[in-house]
Amino acid sequence: LMGLYDMFSGGNLSQATIFALGSMPYISASIIFQLLQAVVPYFEKLAKEGEAGRKKITQYTRLGTVALALIQSFGMSAGLEQMAGGIVTNPGIGFKLLTCITLTAGTVFVMWLGEQITERGIGNGISLIIFIGIVAQYPTDILNTGQQLASGDMHIAKALIIAAFMLFVIAGIIAITQGQRKIPVQYAKKIVGRRVYGGANTHIPLKVNTAGVIPIIFAQSIIMFPGTLGTIFPDSGFFLTLGRLFQPPHPVYVLIYSTLIILFAYFYTAVILNPVDLADNMKKNSGFIPGVRPGKKTAEYVERVLGRVTFPGALGLAALSVLPYMLVRYFNLSVSMTCLLYTSDAAGSCVPGRHRHHARHDDRPAPGALLLRRHRAADRRRCGPGHPAADRIAPGDAALRRLHDQGPSAGAEVNCEHRH
């Protein structure tokens with residue numbers, strides 16, 4: 001479990017840096033408040049209030065991150081004081097307070113940096129920070145492999161087999177993380193005044209792996225608990241036997257671990273994607289799935305399709321999580337599938353994030369359109385909002401319409417006299 005924590009902190013935990021806690025407190029707080037939205041009516045109401053509700057949930061998440069960082073940093077300082085060898089020269093309340101402040105400040109900075117990347121960057125900021133932390137360890141691993149090949153500790157054929165196997169696994173991970181089922185949706189046309197709204201055809205993308213790596217994290221956190229009891233109570237034969245059963249690659253461990261991942265995949269998918277809310281929102285906006293009645297039938301259809309789509313993704317997550325233990329047992333190979341899964345998922349999320357970033361900056365009106373708006377606003381100010389010239393489309397606007405294509409050099413001029 002500490003190895004998984006060190007992975008998400010980019011190796012900062014093993015090096016005892018200021019950012020030793022990394023983004024794990026923020027991830028834990030985000031998961032907690034996502035779960036609270038499904039069970040607590042207050043947070044469920046906030047989630048449905050739009051932008052204002054999301055801002056409140058974000059604020060609660062930040063406060064929860066600080067609280068979790070203080071608790072974890074206090075536990076880390078207490079553990080350092082109890083370690084053999086006297087690594088802490090001046091133990092006491094001063095050391096604990098300084099450790100809590102330092103590590104919490106590092107976590108808050110990582111949280112702030114992730115939010116800035118999300119707002120101004122190319123994707124999910126926290127995911128990219130974790131992604132960079134994992135990828136930064138790859139050159140060291142490649143260098144160690146090269147040294148083993150040079151010293152003869154590893155045969156070249158074994159290295160080639162490992163490389164081919166890694167490519168195959170990466171391709172499978174990309175297929176799981178990027179695979180989706182598109183449900184077609186049509187929106188009826190609405191006429192409001194002289195304008196027509198709606199009438200568009202779109203789709204609902206249901207991902208094969210909607211939950212991401214969260215089921216693996218949940219399953220690892222729970223399955224480590226029996227083994228921890230064996231170390232806490234070394235004199236108890238029952239807990240020692242229980243600890244041996246829950247040590248990889250024991251068949252009991254593999255079976256329960258895989259089952260937990262599949263169950264958590266369904267659970268977390270149901271938490272973050274509610275078919276009933278989805279069907280209600282579609283019905284309010286005059287949307288419908290062709291061949292399916294709006295309302296309850298739509299929710300049942302989406303739930304049935306989502307269950308079928310999630311099943312291969314959950315099986316794939318379970319297989320990828322169990323595969324490293326099989327490789328260690330039969331081939332003496334150590335591969336972290338969680339790292340590969342998270343890096344593939346985070347790298348894939350950069351592409352739509354970059355597209356949204358460019359679309360936000362490229363969706364600007366042409367200079368001619370801006371000039372047309374300014375001229376019309378000036379006419380309204382000169383003539384007054386009640387003047388008929390301010391609300392009528394005049395022939396003089398035709399010259400301004402050409403500005404959309406010709407630019408400001410057309411030199412058209414419109415005033416109140418054009419509209420009389």
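Colleague: In what order do the three strands of the open sheet stand?

Modeller: In this predicted model, the protein holds 19 helices and five strands. Three strands form an open sheet with antiparallel pairing, and their order is β4-β1-β5.

Colleague: Which strands stand at the edges, and why is one side of each left without a neighbour in the sheet?

Modeller: Strand β1, residues 180-187, pairs with β5 in the antiparallel sense over two bridges, and along this pairing Gln 186 stands opposite Phe 288 in β5. Each edge strand has a single partner strand, so one side of each is left without a neighbour in the sheet, and these strands are β4 (201-207) and β5 (287-288).

Colleague: Against which elements do the buried residues of α5 pack?

Modeller: The buried residues of this helix are Gly 53, Ile 57, Thr 61, Gly 64, Thr 65, Ala 69, Ser 73 and Ser 77. The elements against which these buried residues of α5 pack are α3 (24-39), α4 (41-47) and α6 (93-120).

Colleague: How are the rings of Phe 43 and Tyr 60 arranged, and which helices hold them?

Modeller: Phe 43 counts as buried at 13% relative accessibility, whereas Tyr 60 is partly exposed, with a relative accessible area of 29%. Their rings form an aromatic pair with 5.9 Å centre to centre and 80° between the planes, an arrangement that is edge-to-face. The pair ties together parts that are 17 residues apart in sequence, because Phe 43 lies in helix α4 and Tyr 60 in helix α5.

Colleague: Which residues form one aromatic cluster with Phe 43 and Tyr 60?

Modeller: The structure holds nine aromatic pairs, and the pair of Phe 43 and Tyr 60 is one of these. The residues that form one aromatic cluster with Phe 43 and Tyr 60 are Phe 33 and Tyr 42.

Colleague: Why does the pair of Phe 19 and Phe 109 count as tilted, and how many residues apart in sequence are the parts that the pair ties together?

Modeller: The ring centres of Phe 19 and Phe 109 are 5.9 Å apart and their planes stand at 35°, so the pair is tilted. Phe 19 is partly exposed, with a relative accessible area of 32%, and Phe 109 also counts as partly exposed, at 41% relative accessibility. Because Phe 19 lies in the loop between α2 (12-15) and α3, and Phe 109 in helix α6, the parts that the pair ties together are apart in sequence by 90 residues.

Colleague: Which element gives the most to the largest nonpolar core?

Modeller: Of the 28 residues in this core, Tyr 253, Tyr 257 and Ile 261 touch the most other members. The elements that give two or more residues are α3, α7 (125-135), α10 (214-232), α12 (251-272) and α14 (296-331). The element that gives the most, with seven residues, is α12.

Colleague: With which residues is Tyr 257 in contact, leaving aside its neighbours within four places in sequence?

Modeller: Tyr 257 is among the residues that touch the most other members of the largest nonpolar core. Leaving aside neighbours within four places in sequence, the contacts of Tyr 257 are Ile 216, Ala 219, Gln 220, Ile 223, Ser 321, Val 322 and Tyr 325.

Methods. Residues are numbered from 1 along each chain as its sequence is written. This is a predicted model: local features need pLDDT of at least 70, side-chain atom pairs count only at pLDDT 80 or more; totals for chains, interfaces and linings use all residues. Side-chain values use heavy atoms; hydrogens and water are left out. Buried means under 20% relative accessible area, exposed over 50%, partly exposed in between (1.4 Å probe, protein chains only). Helices (H or I, at least four residues) and strands (E, at least two) are DSSP runs, numbered from the N terminus. Contact means heavy atoms within 4.5 Å. A nonpolar core is a set of buried Ala, Val, Leu, Ile, Met, Phe, Trp, Tyr and Cys residues joined through side-chain atoms within 4.5 Å. Rings of Phe, Tyr and Trp (its six-membered ring) pair if their centres lie within 6.5 Å; planes under 30 degrees apart count as stacked, over 60 as edge-to-face and the rest as tilted. Two strands pair if DSSP finds at least two bridges between them.
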